[in-house]
Amino acid sequence: TLLKSYNDWHIDDWCASAPGRFIPVGLVPLWDPEAAAEETRRLARKGMKAICFPENPAALNIPTIHEGYWDPLFKTCVDENIPICTHIGTGGGFRSPSMQSPVDVSMCTMNITLADCMADIVFSDVLTKFPALRIALSEGYLGWVPFFKERCDYVYEMHRFWTGADFGKSKPSELITRHFLLCFTEDNA
């Protein structure tokens, strides 16, 4: 298939041209979770370091993480020690307050749209079902994360009684620390 050919080229040719500098991240078929799991297993054996997954599957008209549909893929990621790499803009585009908002607005907020993805995963049952799953939020920066961890803990403590959220003895902030890999792309220091 086309994805297999691309992934093979990506690992065997492009990333192999600069080992240690280019890190292969695979594409998986999002139309079939079993096929995505199978491709992830194949890629892990070839040296792939992560797979791509959209920040908001629903915006792409594919099943959400809340239905169990992606469980075969998530299980394979855990079994193969492959993190899921979610990049800004993979959830159906960038948002803006209005059609008249300057493009600068979207450019200022695009990185923190990954907060939606993080909250969706944290407050789902995915991390309970797959306690070793790791998610890399690519180009999401990380300055917003301390506030967000605090906010998730507050929401959990104040509203879990009526929302039904139950993390046992863990807090959402602990799940974020345990499961999410974050990055920055610039350092002004």
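Colleague: Is the crossing of helix 2 and helix 3 left-handed or right-handed?
Modeller: This is a predicted model, so the geometry is computed from it. The axes of helix 2 (residues 33-46) and helix 3 (residues 71-80) come within 8 Å. The crossing of these two helices is right-handed.

Colleague: How is helix 2 oriented to helix 3?
Modeller: The axes of helix 2 and helix 3 cross at roughly 15°. Angles under 35 degrees count as roughly parallel. Helix 2 and helix 3 are therefore roughly parallel.

Colleague: Which residues of helix 3 meet helix 2?
Modeller: Helix 2 brings P33, E34, A36, A37, T40, R41, A44 and R45 to the contact. By class, the contact of helix 2 with helix 3 holds two polar, four charged and seven nonpolar residues. On the helix 3 side, the residues are P72, L73, T76, C77 and E80.

Colleague: What is the orientation of helix 1 to helix 2?
Modeller: Helix 1 (residues 2-14) packs on helix 2 with the axes 11 Å apart. The angle is about 20°. The crossing is right-handed. Since angles under 35 degrees count this way, helix 1 is roughly parallel to helix 2.

Colleague: How many charged residues are in the contact of helix 1 with helix 2?
Modeller: Helix 1 supplies L3, K4, N7, D8, I11 and D12. Helix 2 answers with E38, E39, R42, L43 and K46. By class, this contact of helix 1 with helix 2 has three nonpolar residues and one polar residue, and the charged ones number seven.

Colleague: How does helix 7 lie relative to helix 8?
Modeller: The axes of helix 7 (residues 145-163) and helix 8 (residues 172-179) come within 7 Å. They cross at roughly 140°. Only angles over 145 count as roughly antiparallel, and 65 to 115 as roughly perpendicular. That leaves helix 7 and helix 8 oblique.

Colleague: Which residues of helix 8 make the contact with helix 7?
Modeller: From helix 7 come V145, F148, K149, C152, D153 and Y156. The contact of helix 7 with helix 8 divides into six nonpolar, two polar and two charged residues. Helix 8 contributes P172, S173, I176 and T177.

Colleague: What volume does the largest cavity have?
Modeller: The count covers cavities of 30 Å³ or more, and it comes to one. The space in the largest cavity is about 110 Å³.

Colleague: Which residues are the closest to the centre of the largest cavity?
Modeller: The lining of the largest cavity has 14 residues. By class, eleven are nonpolar, one is polar and two are charged. The closest to the centre are F53, I65, F74, C117 and I121.

Colleague: Which element gives the largest share of the lining of the largest cavity?
Modeller: Strand 3 (84-87) and helix 5 (114-122) each supply at least two residues of this lining. The largest share is three residues, and it comes from helix 5.

Colleague: Which residues line the largest pocket?
Modeller: The largest pocket has a volume of about 160 Å³. Its lining divides into two nonpolar, four polar and four charged residues. The lining residues are E55, N56, G91, G93, F94, R95, T113, D116, C117 and D120.

Key. Residues numbered from 1 in each chain as written. Predicted model: local features only at pLDDT ≥ 70, side-chain atom pairs only at ≥ 80, totals over all residues. Heavy atoms only, no water. 1 Å grid on protein atoms, 1.4 Å probe; cavity = no way out; pocket = protein on both sides within 12 Å on 5 of 7 lines; lining within 4 Å. Points joined across faces, edges and corners; volume = space filled by probe spheres on them. Helix = DSSP H or I, 4+ residues; strand = E, 2+ residues; numbered from the N terminus. Nonpolar A, V, L, I, M, F, W, Y, C, P; charged D, E, K, R; others polar. Axes fitted to C-alpha atoms, helices over the stretch in contact; angles between N-to-C directions. Left-handed = near helix turned anticlockwise from the far one by under 90°. Contact = heavy atoms within 4.5 Å.
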